Amino acid sequence: MRLPLLAAAAVFALAAPSFAQDRSVSVQSDLTFEQVFASPSLNGPVPRGVKLSPDGRYLTVLRNRETDKDRYDLWGYDRETGEWSMLVDSEKFASGRELSEDEKMQRERQRIGDLAGIVTYEWAAGSDALLVPLDGDLYLARLGGDITRLTDTEESELNPALSNTGKLVSFIRDRQLWVGDVGAAAVPITPREGETIRWGEAEFVAQEEMARLTGYWWSPDDTRIAVQRTDEARVGIVTRAAIGATGTKVFDQRYPVAGSDNAVVELFVMDPDGGNRAKVDLTSGQDPAHYNAEDPTDFYLARVDWAPDGKLYVQRQNRAQTVLDMLKVDPATGASEVMFTETAAAKDYWINLSDNYRFLKDGSLIWWSERDGFGHLYLFREGRWNRLTKGQWVVTKLLGIDEAQGRVFLTGTNYANPREEHVYAFSLDNPEPGEIERLTESEFTHSASMDKAGKALLVSRSSHHQPPQTYLADQTGKRLAWVEENALGGEHPYAPYLASHRPAKFGTIKAADGATDLHWKMVTPEMKPGKRYPVFYHHYSGPGPQTVTAGWDGALQQAVVDAGYIWFELDNRGSANRGVAFEQPLYRAMGGVEVADQKAGAEYLKSLDFVDPGKIALYGWSYGGYMTLKQMQADPGLYAAGIAGAPVTRWELYDTHYTERYMGDPRQVPEAYAAASAIPDAEKITDPLLLIHGMADDNVVFENSSELIAKLQGANRPFEMMLYPGSTHRVSGEQISPHLWNTIFGFLERHGVVPPE
């Protein structure tokens, strides 16, 4: 349940069912759900995969089509000529071949399963060509216009990559790592060993929960490759039925549920032809106080990196996720030693994995840690630590480092306004940690990336009044050129609805502990004096996502507001970007503090004279769906109705890495799991409930809902249900999505949760 999983499902991957036709007529709004999910996207052209070529001349993006908002083509911008051109037309070169089940599942892990066309690409080191996967095969697109097909197979080529010199291409096919010269036939360099052995692929929990999507890594000079070998033999099999409209497929999926065995992960270093293979010692220096002495393989391979000087480093995390060891590895022999150990920042806490680190040319390391209670950067050099940033704010991403100038770039929260995220820079020579320069404007929230040399910034920004914009900036933050201005002008798809666009309001209330500030966001319709309005109380509530931000939230919430509802969100304790003390209360207590804090939000709403206190409806997806159930069980009568989408109902059904990080091992703390379950108290749900689930969900498997359904039926508790044949955790589609949302509001209307006359 990696952050993107729940957030994506809840915000833009929703779709729903039952009363679509009636609602379009009965609820008059300026913006309908059909319009929200139609093409072109009302967000305007929002490019994906924005990159700079290694030489900095070209800027490339994946741009969606006006006629199909989910299909992407590859475009390039020549900074010298100022001209845009389509580099690869995804329809022209598409084969229409169905993706393999492995590639479909990888796309689900990346939350891009609903996208078509080109979803990723990679620049060659010489800045003259790009590697482009499309429909399961690989293409090499040269800037002169020539496009060469590199593979043509029934199997998909997974995790394709160009080596660091750009001379070799590699990919996974049929559970083996293949390598070849660019333009020549590739050959497997690892053996085919059986159905439970995979080479070069990240295991399920690494993809889903650790944000590690690959299982092999090229050395800087292409002379060696570090390759993961995964044996899933001891991982339990979950039989998953993908129920479609006209048939059912049954999959026996290796899925490590909480408290069960993980895959055995090994790491080997080899030559590009597979020779000179050395097994890395991943068990070196294990502290028996934190690792399983009876099973030294019971750990997580968190990260693998080659430093610029050719040295290999591995991050190893213990099963409890309270310790992270940095291993220094000899690539020739595989021998390793612990360079340093990071421990959880507080008792009853965990280590949040991060990609915010960088090995420098001089052998030092910039490292992200929460050791002082907030996520900050530190410099590790010659065995000593130096603090680089400090304060009650959080570094969210290390963007780049200009080593020649000694300048570091990052994104982080605004200490004065945690709803905003900005681009900052500081000098490595600065003797005072914490003295940083903000490079972006207030009133927006930002994300960014940089070229490898740390010379140019690609910045995306948005606000509640402006859909995402992307621009190229220099090291001072000065905008050099728009990549996509996306101005809300005459031809913008959202322009016809600007007249009814309602601004967001923000504020804070005290948490259930009476001391902690919780941030909320509210969007209200045009209200008549003396009238009270229903509330659509949207929540996620789990660890990870921060929902209350200054950014653009899309047209969906405006459609809800146009229908006469107040949109409300609250970030409870446990959500991200507020520091360790804010997240820690969830430890071994899921379904507790979040319920109490969201209740405080409901009580605040009931105190407002423009809110109808009897018409507050809960809505959440995935963890948010779980929270709908727990809130309705805890406080019957507080909420008028609840919508639970793809809810986790029993944490023993979810995977090891996510669940045990927060809840511990169920074999050791069964009482924590019993208290967190939504099954035992299901009969306490007496208010109207709508349950929604995709019937091919491989993440929060359908068994979560089927067990709840049986419990409610056995207790003679009425509820409504909408199931989506063939849909995964993302119930979505140009027609399915409005069906979902029309179903939700049809349900609310049937139970009297409607705006005043």
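Two strands are taken as paired if DSSP finds at least two bridges between them. In this predicted model, strand E7 (residues 129-134) and strand E8 (residues 137-142) are joined by six bridges and run antiparallel. Within this pairing, Ala129 has Arg142 of E8 as its bridge partner. The two strands belong to an open sheet of four strands, ordered E6-E7-E8-E9, with antiparallel pairing. The edges are formed by strand E6 (122-123) and strand E9 (147-149); each has a single partner strand, so one side of each is left without a neighbour in the sheet.

Tyr565 and Phe745 link distant parts of the chain, being 180 residues apart. Tyr565 is located in the loop between helix H7 (555-562) and strand E40 (566-570), whereas Phe745 is part of helix H14 (residues 736-750). Tyr565 is buried, at 2% relative accessible area, and Phe745 is likewise buried, at 1%.

The rings of Trp651 and Tyr654 also form an edge-to-face pair, with centres 6.0 Å apart and planes at 90 degrees. Trp651 has a relative accessible area of 0% and is buried; Tyr654 counts as buried at 1%. Both residues belong to one aromatic cluster, which also contains Tyr349, Trp350, Tyr540, Tyr587, Tyr623, Tyr626, Tyr658 and Tyr662.

Charged side chains are also placed over aromatic rings. Arg371 lies over the face of Trp385, 4.3 Å from the ring centre. The charged end of Arg419 sits over the ring of Phe506, at 4.3 Å from its centre.

The largest nonpolar core comprises 77 residues. Tyr537, Met590, Leu605, Tyr623, Tyr626 and Trp651 have the most contacts inside this core. Among them, Tyr623, Tyr626 and Trp651 are also members of the aromatic cluster.

Side chains of opposite charge can pair when their charged atoms come close. The structure holds 53 salt bridges. One of these joins Arg63 to Glu484, with the closest N and O atoms 3.8 Å apart. Because Arg63 lies in strand E2 (residues 58-64) and Glu484 in strand E36 (residues 479-484), this pair ties together parts that are 421 residues apart in sequence. Arg63 counts as buried at 17% relative accessibility, as does Glu484 at 16%.

A salt bridge is also formed by the side chains of Arg198 and Asp102, at 3.3 Å from N to O. Arg198 is in strand E14 (residues 197-199) and Asp102 in helix H5 (residues 101-109), so parts 96 residues apart in sequence are tied together. Arg198 is buried, with a relative accessible area of 13%, whereas Asp102 is partly exposed at 31% relative accessibility.

The side chains of Lys347 and Asp348 meet in a further salt bridge, with an N to O distance of 3.5 Å. Lys347 is exposed, with a relative accessible area of 70%, while Asp348 is partly exposed at 34%. Salt bridges also link Arg65, Arg71, Asp73, Asp89 and Glu91 in a network.

Note on methods. Residues are numbered from 1 along each chain as its sequence is written. This is a predicted model: local features need pLDDT of at least 70, side-chain atom pairs count only at pLDDT 80 or more; totals for chains, interfaces and linings use all residues. Side-chain values use heavy atoms; hydrogens and water are left out. Buried means under 20% relative accessible area, exposed over 50%, partly exposed in between (1.4 Å probe, protein chains only). Rings of Phe, Tyr and Trp (its six-membered ring) pair if their centres lie within 6.5 Å; planes under 30 degrees apart count as stacked, over 60 as edge-to-face and the rest as tilted. A charge sits over a ring if NZ of Lys or CZ of Arg is within 6 Å of the ring centre and within 35 degrees of the ring normal. A nonpolar core is a set of buried Ala, Val, Leu, Ile, Met, Phe, Trp, Tyr and Cys residues joined through side-chain atoms within 4.5 Å. A salt bridge is a side-chain nitrogen of Lys or Arg within 4 Å of a carboxyl oxygen of Asp or Glu.
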